[in-house]
Amino acid sequence: MGVAQWPEVLPVTGSDLRVALVEGERALRVNGDLQTARRWFDAAYRQEELCGDPIALAVAALGLSGVWVHEHRTCADSEMVRARQRHALSLLDPESPLALRLRVRMRGEEDYRSGEHAAITGLLRETRASGDPVALAEALSLAHHCLLGPEHGTTRLELARELIGQAAVTERRGDLMMGLLWRTVDLYLAADPHAGRCLQELRGLLHEHAHLAAGYVVNAIEVMLTIRAGRFREAERLAGECFERGVAAGDMDATGWYGGQLGAIRWYQGRAAELLPALQDLVSSPTLSPIDNSYVAGLALAAATAGDRRSAAGHLARLCGRDLAELPRSSSWLVAMYCAVETAHLLQDVATAGQAYALLSPFADLPVIGSLGVVCFGSVHHSLGMAALTIGDLERAVGHLRAAVRANLALGHWPAAALSRCRLGQALALRDGPQDEAALAEQAAAAREAAELGMVLPAVVGRADGAGRACRFRRQGRYWQVELGGRVAQVDHSVGMAHLAVLVANPGREILATDLAAGTWSREVEFSSEQPVLDEPARDAYRERLAELQAEIDELEAMNDVERVAALRLEHEWLLAELSAATGLGGRSRPFAGSEERARIAVGKAIRRALSRIAAVDPVMGDDLRAAVRTGLRCCYRPR
């Protein structure tokens with residue numbers, strides 16, 4: 001899905017040279033149409049090589065760079081543009097404003113490719129002293145582009161504000177657009193609660209006159225905000241439309257940004273493993289920035305979630321290189337670190353988690369946002385909490401994850417808040433025990449939020465096998481709270497849930513279906529088939545539940561809630577049939593003699609319905625229980 005960099009050359013004659021330059025400037029500075037601008041400037045440069053006007057040659061060479069840095073991603077194209085600019089610069093008076101603009105552009109490109117910023121910021125001071133407003137505006141934008149690490153937030157905002165002011169001097173619409181765009185991005189990167197106001201101002205300018213490059217970034221931010229809102233289906237549709245706009249604008253980040261947006265959606269849906277084939281192709285794509293390591297990190301995480309520990313460890317090692325601290329502080333650095341921490345947790349790589357914790361600590365209060373607002377993975381506190389959890393520092397893990405929940409709620413990032421709440425519950429359970437009320441409350445709340453958003457929450461990693469895989473059913477009024485492998489689900493009561501609770505409480509023990517139906521099983525004695533179908537306490541419990549169900553049905557019918565009424569009627573009818581079958585004349589208990597097959601069918605159906613209810617809330621837990629529960633004349637729960 002790459003974007004062609006050099007479309008067909010426009011036919012330009014000597015008399016049309018000025019037109020080509022004017023059209024190139026209009027496409028670039030006014031319309032933000034990078035693809036059209038490249039065609040005009042390439043045509044003008046080729047023609048000027050024949051005519052010999054050094055000024056026009058330099059303007060064309062400068063225009064080929066576009067508005068961003070590193071717009072030419074393949075080595076051949078990039079080196080061709082550099083060679084043209086060096087040649088044009090050699091023909092100019094070194095003290096001329098045009099020569100200064102070329103030096104600014106070339107220094108900015110060199111700094112960006114190496115992940116540095118010293119040369120461009122030094123040249124920015126020289127540009128301020130030159131008094132040339134156009135050179136200063138371009139230097140401000142390029143310096144901003146080379147200072148996208150999380151430690152440069154304050155400096156970036158100062159540059160953006162200065163560029164907005166400088167646009168009034170240059171009177172170039174593109175300078176104003178870039179200044180406002182940079183400021184909008186900076187405010188989102190800083191988790192400023194008023195970032196939306198600046199975004200709205202930018203939308204207003206775009207409504208007056210389209211600017212394809214800036215409009216594409218605004219579209220990307222809108223995708224990010226839709227993911228934050230948990231509207232995954234809508235976000236996926238918008239991401240596809242955003243990609244098409246990026247291609248139309250000629251933006252070489254279109255493929256990478258789309259991959260990142262889809263990656264965030266799949267991560268919160270619990271489907272990251274599906275991205276493995278696409279990520280394997282993407283990490284080798286020449287369209288990626290040379291200092292962007294987030295896709296290697298994403299590949300490691302996708303492999304880890306798919307259970308391919310060897311590949312995950314290999315990709316993580318590739319990301320870390322000699323030292324994780326040497327990873328360039330690009331605009332994608334926080335995303336790469338987020339994926340590295342999550343991968344380290346799944347692999348229980350304590351060393352990587354510890355190093356990541358130290359590197360991320362200064363940025364605890366920032367959000368994990370990739371590039372120019374393309375994707376957001378919530379608060380850095382979440383990554384710090386996960387790193388601490390991997391290390392085994394449960395006190396710090398709880399503190400960071402609690403802060404992450406608050407920060408993600410402030411961001412309006414509902415999926416990230418649910419994920420942090422889930423991890424907080426797991427950390428509390430590890431610290432204070434699986435029955436800790438706070439732990440159970442956090443996990444239950446996370447399960448409800450995840451179900452509403454269509455998320456699949458992850459299991460805890462690193463817990464001892466017995467504690468980590470233990471399954472518990474806890475009755476709480478009309479609901480059952482089910483715990484398994486660090487996951488928690490809240491499910492409506494049903495007879496099948498009661499049967500499951502008995503099986504789970506006695507792992508590995510076979511229990512007669514007749515005894516489950518009668519509610520008469522005990523550890524000491526397995527009753528024969530001549531025992532009552534229902535004893536007195538069991539019949540009372542059935543009658544009590546029938547009364548509860550009838551009251552609920554009456555209430556829901558008054559509310560015209562057809563779906564829930566239908567579900568409750570099924571349970572009501574089943575209970576009524578069981579109670580009728582269990583009693584003889586005068587309400588006396590009827591023995592189950594000769595009814596083993598009927599009990600097998602009834603209990604099996606009830607358990608399967610209960611498992612479907614659990615799977616509807618938490619598919620992972622549902623799959624685990626389905627694999628462990630056996631029904632028949634004898635039923636059993638055998639945990640894997």
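Pro367 stands opposite Ser379, a residue of strand β2. The model is predicted, so local features need pLDDT of at least 70, side-chain atom pairs count only at pLDDT 80 or more, and totals for chains, interfaces and linings use all residues. Residues are numbered from 1 along each chain as its sequence is written, and side-chain values use heavy atoms, with hydrogens and water left out.

Back to that pair of strands. Strand β1 covers residues 367-370 and pairs with β2 in the antiparallel sense, over 3 bridges. Two strands count as paired if DSSP finds at least two bridges between them. Helices (H or I, at least four residues) and strands (E, at least two) are DSSP runs, numbered from the N terminus. The hairpin of β1 and β2 has 4 residues between the strands, and there Ser371 takes a positive phi near 55°. How many of the 5 residues of β2 (residues 375-379) are buried? The count is 5 of the 5, so β2 is largely enclosed by the rest of the structure. Buried means under 20% relative accessible area, exposed means over 50%, and partly exposed is in between (1.4 Å probe, protein chains only).

Now for the whole chain. The secondary structure comes to 29 helices and 8 strands. Of the 640 residues in the protein chain, 55% are buried. Take the contacts with a separation of 6 or more: 64% of them are accounted for by residues 24 or more positions apart. Contact means heavy atoms within 4.5 Å.

The largest nonpolar core has 155 residues, and those with the most contacts inside it are Trp68, Tyr268, Phe377 and Met455. Helix α17 (residues 333-347) gives the largest share of this core, 11 residues. Apart from it lies another core of 28 residues, with Phe473, Val491, Val603 and Ile614 among them. A nonpolar core here is a set of buried Ala, Val, Leu, Ile, Met, Phe, Trp, Tyr and Cys residues joined through side-chain atoms within 4.5 Å. Leaving aside neighbours within four places in sequence, Trp68 is in contact with residues including Leu34, Arg105, His145, Trp182, Val217 and Leu372.

Next, a pair of helices. Helix α11 (residues 212-228) and helix α13 (residues 254-269) pack at an angle of about 5°, with their axes 10 Å apart. Axes are lines fitted to C-alpha atoms, for helices over the stretch in contact, and angles run from 0 to 180 degrees between N-to-C directions. α11 and α13 are therefore roughly parallel to each other; angles under 35 degrees count as roughly parallel, over 145 as roughly antiparallel, 65 to 115 as roughly perpendicular and the rest as oblique. On the α11 side, Tyr216, Val217, Ala220, Val223 and Ile227 take part, meeting α13 residues that include Trp257, Gln261 and Tyr268. The residues of this contact divide into 10 nonpolar, 1 polar and no charged. Ala, Val, Leu, Ile, Met, Phe, Trp, Tyr, Cys and Pro count as nonpolar, Asp, Glu, Lys and Arg as charged, and the others, Gly among them, as polar.

Two single residues are worth a look as well. Ala417 is found in helix α21 (residues 414-432) and, at 1% relative accessibility, counts as buried. Ala417 and Gly378 are 39 residues apart along the chain, and their C-alpha atoms are separated by 7.6 Å. His315 lies in helix α16 (residues 309-320) and is buried too, with a relative accessible area of 17%. Leaving aside neighbours within four places in sequence, His315 is in contact with Val296, Leu299 and Ala300.

Another open sheet has 3 strands in the order β6-β8-β7, and its pairing is antiparallel. β6 (511-512) and β7 (629-630) stand at its edges, each with a single partner strand, so one side of each is left without a neighbour in the sheet.

Here are the pairings from these sheets:

| Strands | Bridges | Residues facing each other |
|---|---|---|
| β4 (residues 479-484) and β5 | 6 bridges | Tyr479 and Asp492 |
| β7 and β8 (residues 634-637) | 2 bridges | Val629 and Tyr637 |

Helix α24 (residues 495-505) packs on the sheet of β6, β7 and β8, touching these strands, and its direction makes about 65° with that of β8.
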